[in-house]
Amino acid sequence: MSMGVPEIEDAKLLFIFGYNGADSHPIVARRIVRAKEKGAKIICVDPRRIETARIADMHLQLKNGSNLALVNAIANVIINEGLIDRDFIDCHSTGFEELLPIVEKYTPEYAAGISQVPAEDIRRAARMYATSGRSMILYGMGVCQFAQAVDVVKGLANLAIMTGNFGRPSTGIGPVRGQNNVQGACDMGALPNSFPGYQSVTDAVAREKFEKAWGVKLSGEIGCPITHVPHRVLHEKDPAKQIHAYYIFGEDPAQSDPDLAEVREALDKCDFVVMQDIFMNKTGRHADVILPATGWCEHDGVYSCCDRGFQRIRKLIEPSGDVKTDWEIICAISTAMGYPMRYNNTKEIWDELIELCPSFSGATYEKLEKLGGVQWPCRDKAMTDAGTPYLHKNGKFAHPDGKAKFYGTDWRPPKELENNEYPMVLSTVREVGHYSVRTMTGNCRLLRNLEDEPGWAQMSPEDCVTLGVKHGELVKILSKRGYCITRCMPTERVKRGAVYMTYQWWIGACNELTQAALDPVSNTPEYKYAACRVEKIADQAWAEKHILEEYAEIRELMGIKDRDPKINGGFSKQRSISANPFYGRA
């Protein structure tokens, strides 16, 4: 994020693209509501009529998969109507002239044919964004989980650069992170291409620094992204690149990765699989070794927020049973493998980290304790320096020449399009009741009583009539990769031909259907677009019994015990899109 979350409420215009804060991040959603209450205009870009659309001044209900065509069209209008900030472009950017011929063909009329957004709505949105004086872009997984995700992010950055909406309070561009602690994992170097603090593994100077600090020799080659693992296990011919051991730490790829049949095959074929987590999960069913770790209230540490903020977390209770903190487990394994790794506490680990990472060097434990939080970059250890609320102040960007770089490319359609056999489009989405892969929330009886297996498939009422299915009925959803069973939810929020499912359900596991087409830069799968088919299940009594039996079996294998031997709470057919505490009634 180039801004801080508190700045959201002081923006004059929020351009919210592929992001439903009410379901994904309710606390951030409150900032959006406050911005509205303070007079901000809101443009919502989403194929569904999400909660944000209900309070938006404009809802651009684009066709799923047409993101870049719409972004390029908005850039086209801003340029052709003279709404650019010429001084900012000339002084603080490069590559603008090269962008012009790329976006030239994306007139609103041309983009309307791709995006299904009326040309005049595109023009109006472009004018609103370019002229507010303090515009901010927020985007979520509706941008990131496509095979052309990075191009769209760069396209959104183009809009901010050409209008001068960078380097000032309540402007900029903000990815509102999709997974728990993904920001912290990246900050700490849990990436195949960087050390902690975003220092590249290919940078010889950075590598030498870490080698000296750790007393080791480090590879200068970029490692393997998680989404490449199944291929490297199942199909890789080069012995040097084959994967034989897989250490999975705080992740459940057997639930969260695309094409789950291939993931399970890879886990079973892999010679040695280790899972380290706080509860049993689907990946654990394929593991050779399970390492139980402490939960959030059972250890100390530092948490990294989505807006670059570091905060202390403190142990509230002593852990019970044979569990250790994650860092103690890692140290024990490292020591057993021949590299002694010993720390007395998390402060020693943190002090080592900030010593090696210039952008984090000022975020001392003492300062975190006194101020409550610090936003990186923070290089000054003075107790008065709380870090950097917004980036690129005075138009200085993180490139050697200090300038932002425009980037343009053409829109490409999604990798797998609808066809006669699979005539509908599946997209994964979030819901507020359960989080991520339900490793934690699936173990909470209260949340299960509110919503439980097998989840729901949101479809247009017209499609439901055509298929002959009613609210609450179990349906079978299929793609080229597999199938799952879930409940039908007719809703006016969804366009015809589209199906939306949340990915955390163990029985209604929509990642049985999703495809492993990847963005070539980020290696993120195209979770938001897969061709599918919905089938009516004639024998509903059999289907209900099947769901109950399969759920009971899964819970038994995961060691989840209920006081009530009857599984309840999730099989009500009465549930619908209910009142939302953040945006008013549905």
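**Close-up views of the predicted model**

**View 1. Ser24 in helix H1.** Ser24 lies in helix H1. The model shown in this and the other views is predicted. Ser24 has a relative accessible area of 16%, and because the cut-off for a buried residue is under 20%, Ser24 counts as buried. Setting aside neighbours within four places in sequence, the contacts of Ser24 are with Tyr19, Arg430 and Tyr435.

**View 2. The largest cavity and its lining.** A search of the whole structure gives four cavities of 30 Å³ or more. The largest cavity has a volume of about 300 Å³, and 28 residues line it. Nearest the centre of the largest cavity are Gly18, Asp46, Gly142, Val429 and Lys528. Two or more lining residues come from each of helix H1 (21–24), helix H9 (141–144) and strand E16 (424–429). E16 gives the largest share of this lining, with three residues. By residue type, the lining of the largest cavity holds 11 nonpolar, 12 polar and five charged residues.

**View 3. The second largest cavity.** The volume of the second largest cavity is about 110 Å³. Its lining is made up of 14 residues. Of these, Gly65, Phe146, Gln148, Arg412 and Glu526 lie nearest the centre of the second largest cavity. Eight residues of the lining of the second largest cavity are nonpolar, three are polar and three are charged.

View 4. Strand E20 spans residues 498–502 and is mostly covered, with five of its five residues buried. In a regular strand, side chains alternate between the two faces of the sheet. In E20 both faces are covered. Ala498, Tyr500 and Thr502 are buried on one side, and Val499 and Met501 are buried on the other. E20 pairs with E16 in the parallel sense, over five bridges. In E16, a strand that also contributes to the lining of the largest cavity, the pairing with E20 is parallel. Leu426 stands opposite Val499 of E20. Strand E17 (residues 456–459) is joined to E20 by two bridges, and E17 and E20 run antiparallel. Gln458 stands opposite Tyr500 of E20.

**View 5. The buried side of helix H15.** Helix H15 covers residues 260–269, and its buried residues are Leu260, Val263, Ala266 and Leu267. These residues lie on the same side of H15 because they cover an arc of only 120° around the axis.

**View 6. Arg555 in helix H21.** Arg555 lies in helix H21, which spans residues 540–557. With a relative accessible area of 2%, Arg555 is buried. Pro239 is 316 residues away from Arg555 along the chain. The C-alpha atoms of Arg555 and Pro239 are separated by 38 Å.

Notes:
Residues are numbered from 1 along each chain as its sequence is written. This is a predicted model: local features need pLDDT of at least 70, side-chain atom pairs count only at pLDDT 80 or more; totals for chains, interfaces and linings use all residues. Side-chain values use heavy atoms; hydrogens and water are left out. On a 1 Å grid over the protein atoms alone, a cavity is a set of points where a 1.4 Å probe fits but cannot get out, and a pocket is an open set with protein on both sides within 12 Å along at least five of seven lines; lining residues have an atom within 4 Å of a point. Grid points are joined across faces, edges and corners, and a volume is the space filled by probe spheres set on the points. Helices (H or I, at least four residues) and strands (E, at least two) are DSSP runs, numbered from the N terminus. Ala, Val, Leu, Ile, Met, Phe, Trp, Tyr, Cys and Pro count as nonpolar, Asp, Glu, Lys and Arg as charged, and the others, Gly among them, as polar. Buried means under 20% relative accessible area, exposed over 50%, partly exposed in between (1.4 Å probe, protein chains only). The arc is that of the directions from the helix axis to the C-beta atoms. Contact means heavy atoms within 4.5 Å. Two strands pair if DSSP finds at least two bridges between them.
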